[in-house]
Amino acid sequence: MSDPLVLIPARLAATRLPNKPLADIAGEPMIVHVWRRAVEAGIGPVAVATDAPEIAEAVVRAGGRAVMTRADHASGSDRIFEAVEKLDSEGRHDVVVNVQGDLPTVDPAAIAASIAPLSDSSVDLATLVAVIERDEEKTNPNVVKMVGSQVSPGRFRALYFTRATAPYGDGPLYHHIGLYAYRRRALQRFVGLKPSPLEIREKLEQLRALEAGMRIDAVVVDDVPLGVDTPHDLERARAIIAARRTS
C-alpha cells in the first residue's frame, strides 16, 4: 500500500446540533480536534472535506488543509470521493481513510489500526468494532452491531451489520464504529452503486457494499469513540477532553 490519505467529511447542516463542526471544545472548534487526532495517527496526509467556507477557514487557521466540495452530496462517502479526486488526481494514494467529523475523542491508534486489513488483497474496505459491555446497548437500535467470522485474533470478516440484537446466543456482541479505510478503487465502485434494499431497510450505508459482494474486515479496538450528535454529547466531549488535558 502507498501512504493512505485521511479525509474528514464535515458539513454544517446538522439538525440536532446546528453548526456542529464549529462547536467550541476547550477553545477550538470540534472539527479541529478531529483533524488533530487524525494527524496524530501518523498514517498519511490529512484533509477536511467540506462545503462550508467557515469549516475550511477554521481548519486552515489551525494549520490544517481543507478541500471544498459540492453541497449536494448524499453521504460522507460521496464527499470524500470528490475530495480525493481533487487532492490526488494522479492516483498516488491507493487507500482512503474516512474519519467522521463528529469524533473529537477518537483514539489516533484506532485510526491507524483501521488500515491493517488492507494488507490482504482480498479485502475491499476495513472498519472498526468494539465489544459491547453495557446490557442496554445490546438492545439499542442506535448501537449498530457487526456480525462477523473471525479470521485472526482481533479481526473479523464482516458478514452483516444490523440495528437488531445479533448474533443470537452466548458470546460477545460487537459495536460497529463508523470509520472506514477504503481501497481507492473500492471507494470509486461504492459511490457508483445505488442504495441497496438492506441498506434502505436498516438505514446502514455499509450494507450496500456487502450486498454488492465487497469484502469488509473489522478490527477490534478497546472502546467506542464518542460521536457528538446532541448538546448532551457535546458536554460529554468537553468533559473528556478537559480531563485529558489535566491528567
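Me: Before turning to single residues, what do buried, exposed and partly exposed stand for here?

Reply: Buried means under 20% relative accessible area, exposed means over 50%, and partly exposed is what lies in between, with a 1.4 Å probe and protein chains only. This is a predicted model, in which local features need pLDDT of at least 70 and side-chain atom pairs count only at pLDDT 80 or more, while totals for chains, interfaces and linings use all residues. Residues are numbered from 1 along each chain as its sequence is written, and side-chain values use heavy atoms, with hydrogens and water left out.

Me: Why is Tyr-180 called buried?

Reply: Tyr-180 has a relative accessibility of 9%, which is under the 20% limit, so Tyr-180 counts as buried.

Me: How many aromatic pairs does a search of the whole structure find, and what makes the pair of Tyr-180 and Tyr-182 tilted?

Reply: The search finds 3 aromatic pairs. Rings of Phe, Tyr and Trp (its six-membered ring) pair if their centres lie within 6.5 Å, and planes under 30 degrees apart count as stacked, over 60 as edge-to-face and the rest as tilted. The centres of Tyr-180 and Tyr-182 are 5.9 Å apart and their planes stand at 40 degrees, so the two rings pair and the pair is tilted.

Me: What makes Tyr-182 and Phe-190 an aromatic pair, and which kind is it?

Reply: For Tyr-182 and Phe-190 the distance is 6.1 Å centre to centre and the angle between the planes is 45 degrees, which again gives a tilted pair. Tyr-180, Tyr-182 and Phe-190 form one aromatic cluster; Tyr-182, at 2% relative accessibility, counts as buried, and Phe-190, at 2%, counts as buried.

Me: How do you know that Arg-208 lies over the face of Phe-190?

Reply: A charge sits over a ring if NZ of Lys or CZ of Arg is within 6 Å of the ring centre and within 35 degrees of the ring normal. Arg-208 lies over the face of Phe-190 at 4.6 Å from the ring centre.

Me: Why does Ala-26 count as partly exposed?

Reply: Ala-26 has 42% relative accessibility, which also lies between the limits, so Ala-26 counts as partly exposed.
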